Amino acid sequence: MSILKATSSRPSVSRPRPKVEPVKVFSFITLVVTTFLMLLPLFFMVSTSLKSKREMLKFPPTFLPESWQWSNYKDIFDTLQFGTMYMNSLIIAGLSVFGTLLSSALVAYGFARYRGKGNQFWFILLLSTMMLPYPAIMIPQFVLFSKMNWIDTFLPLVVPAFFGSAYNIFLLRQFFTTLPDELFDAGRIDGCGELRMWRTIALPLSGPALATVAIFAFIYSWNDLLTPVLYLSSSEKFTLPVGMASLTSSRFRIPPWHLLMVASVLAMVPIVTLFAVAQKQFVEGIVLTGIK
Amino acid sequence: MNKNRKTLVTLIAATTLIVTTLSGCSGGKSVGNIAGEANGGTANSGSNSEQVTITHYTIDSEDRTFIEKLIPEFEKEHPNIKVKVEKAPYEQFDSKLQTLIAGGKSPDVTSHYGYGGFAEYYNKDMLFDMTDLIKEEGFKSSDYNIPDDLMKIYTVKDRTYGIPVNMYVTLMLYNKDMFDAAQLSYPPSDYEDKNWTFAAMVEEAKKMTVVSDNIAKTQYGVDFTWAERDMRPLYFGAEPYSEDTWTNGGVPSETHFDSPEVIAAYQKLFDLIFKDKVSPNSEWSKSVAGQNGDPFVAGKIGMSIGGSWNLAGANDFPFKIGVAAVPWGGNDQVRSTLYVDPLLILKDSKHPKEAFEWIKYLLTTDVQEKSIELSGGNPPVNTEAAEVYYKHFEGIDPADVKKVYEGAIKYGYESYNHLITNYSQINDMFINEMQPVETGHKTLEEVMPVIQKKVTEIIKR
């Protein structure tokens, strides 16, 4: 009897069924549909990367490969010096990120912290360099680097990153100006010099901004095609975009889209990884500093 | 303060280390050195003071970079010449070439593989005049089986600026499966067949065209992409550029894009899409084959008139194909566009003589024959080597390929993109201005006067 009682009393303690809010359902469905739409090109990229050369030419295109050509992922290494190109791209992009972060953060710190004469003027002058399109400086820069005997080395692709980038300096400067002066005053009282304040106060507090700059710099360098094409001549120094462009370079042949898609899938890995890691690391960074 | 200094010193040290390491990457093999050799002569060449390095600049694709495989043999025969291949993707070919020349690192040998054609290079004064070298070396085109007519293409005012190496023509590829399904006989490969006319082609095309709401079922009879857009009136006998264009280095004194003959010629082509409905419009082609793709490859086109490079992919097509003559369209002299690629020596070359040796080597029958296989089917200008080329394609009768090639040469005219100055700009303009006609939003009468005005402006630049 008691058991029966207990059982029968159960409905009264159970939680009320959550109310279905039509707006929420609608947003949920919209989000899911949009996500699928956004993922569709990515899906086709992966799907094409697993198709055979013949199937790739089919119309209408098949949604999933008829026979899964996992060997495409091996073939790309035979078609291009894929491993070498991947490594070259990683080295160049890694050093460019380091260079951009170092130089841009230093310059931005200067612009944010010092109130000198003509401060605005210099800043505007710096920003105006953003208006210069690359083709305008392409030839003079090439002449300069070729006089320095830097052609067919990674130097012209990496060294400019160590001389700041106007866009990133602007971004970091805006962030640095939001840091409270009190922190730096406290640092000074404790005997910090400017460089130390930059390193121990400004940088640790600027995680999200630095992460943004790092991602921008990496993507810019990773995707850059024209600069490596101009400066590199030996195949073993080519970067990934140069190699991938060569796959579609023949006007007279059907491009091996399936291999190009393999290369694209693999080329996406570092960017996605960087994005995931940078997000997590730097968000943690700001939590640890205790400033909100 | 000390710590500050320490940080600064560490940063400087790290940067210096990176810079040194990266320059070290280039090591003894720096192309800076090689390029220096190429441009500065024998300064860096070490013990062998006679040795020079020449640079061959080309597109970074397998059908061009195969020349790397020909180098060892050449260097063995010419121990004093080293050949370096410098390459760039198609889209960046022109930018890199301009930059190399402006930066004092001009390559020695190249061709007009990018957007800019021969006339553009000639008018920018980029080319070395080979006439004296040809005389000095006693070079005869007949020794290399190059037809005299082809040699004339790159001769301006009796001076030779380029020597032909490859020759593509215009031909018709047809889908045998579609012809069989419609129970039609295959089109002829003989240019002298008087029944093979543009009108006859349209009739055949009508029998193969299926326009359906189901995109998978839709197929068209013909896709007529004869030459670049500005040249197409020539097929019907209308000439849009003045006669002097072909003798003065590609600068027309007059153009006639708004003349009734030229407009009528274009009308015939657009009628294929809008009146006879046997050809696809550009949107359909793009949806089937992608931005620069060819819907013929997808098996949706019965007959495709285009460059003979379409043959090179033939072995991969998922259907049977044949080659045929381009039908007669009203011009008794011209039925095929020729795309003859020359080898050029650049004006800033420090070693034109050695560059010429390399060019001669690439033209020999033996090397031209080898190049067909290595390149995956590049057509040679060397008529003897051409016999090997005709046999290169699986499932296509070599006799047909030969007939089509010979007819195309007899009724051929060199592509305007090689012969007219500022061509890349003319071509871009044509693509943009013709777009509304191709999609059916404007008429030719509206567009052609605008094109005429813009062509005149571009030529004057």
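**Chatting about chains A and B**

Tutor: In this predicted model, 8 of the 8 residues of strand β1 (residues 52-59) of chain B are buried, so the strand is largely enclosed by the rest of the structure. Buried means under 20% relative accessible area with a 1.4 Å probe, protein chains only, and strands are DSSP runs of E, at least two residues long, numbered from the N terminus.

Student: OK, which strand does β1(B) pair with, and in what sense?

Tutor: β1(B) pairs with strand β2 (residues 81-88) of chain B in the parallel sense, over 8 bridges. Pairing needs at least two DSSP bridges.

Student: And what's the bridge partner of Thr53(B) in β2(B)?

Tutor: That's Lys82(B).

Student: Which residues of chain A lose the most area to chain B?

Tutor: Phe59(A), Phe252(A) and Arg253(A), together 17% of what that side buries. Buried area is the accessible area (1.4 Å probe) that two parts lose on being put together, summed over both. For these two chains, that's about 4500 Å², with 67% on carbon and sulfur atoms.

Student: Anything to know about the numbering and cut-offs?

Tutor: Residues are numbered from 1 along each chain as its sequence is written, and chains are lettered from A and ligands numbered from 1 in the order written. Local features need pLDDT of at least 70, side-chain atom pairs count only at pLDDT 80 or more, and totals for chains, interfaces and linings use all residues, while side-chain values use heavy atoms, leaving out hydrogens and water.

Methods:
Buried < 20%, exposed > 50% of the residue type's maximum accessible area, 1.4 Å probe, protein only. Helix = DSSP H or I, 4+ residues; strand = E, 2+ residues; numbered from the N terminus.
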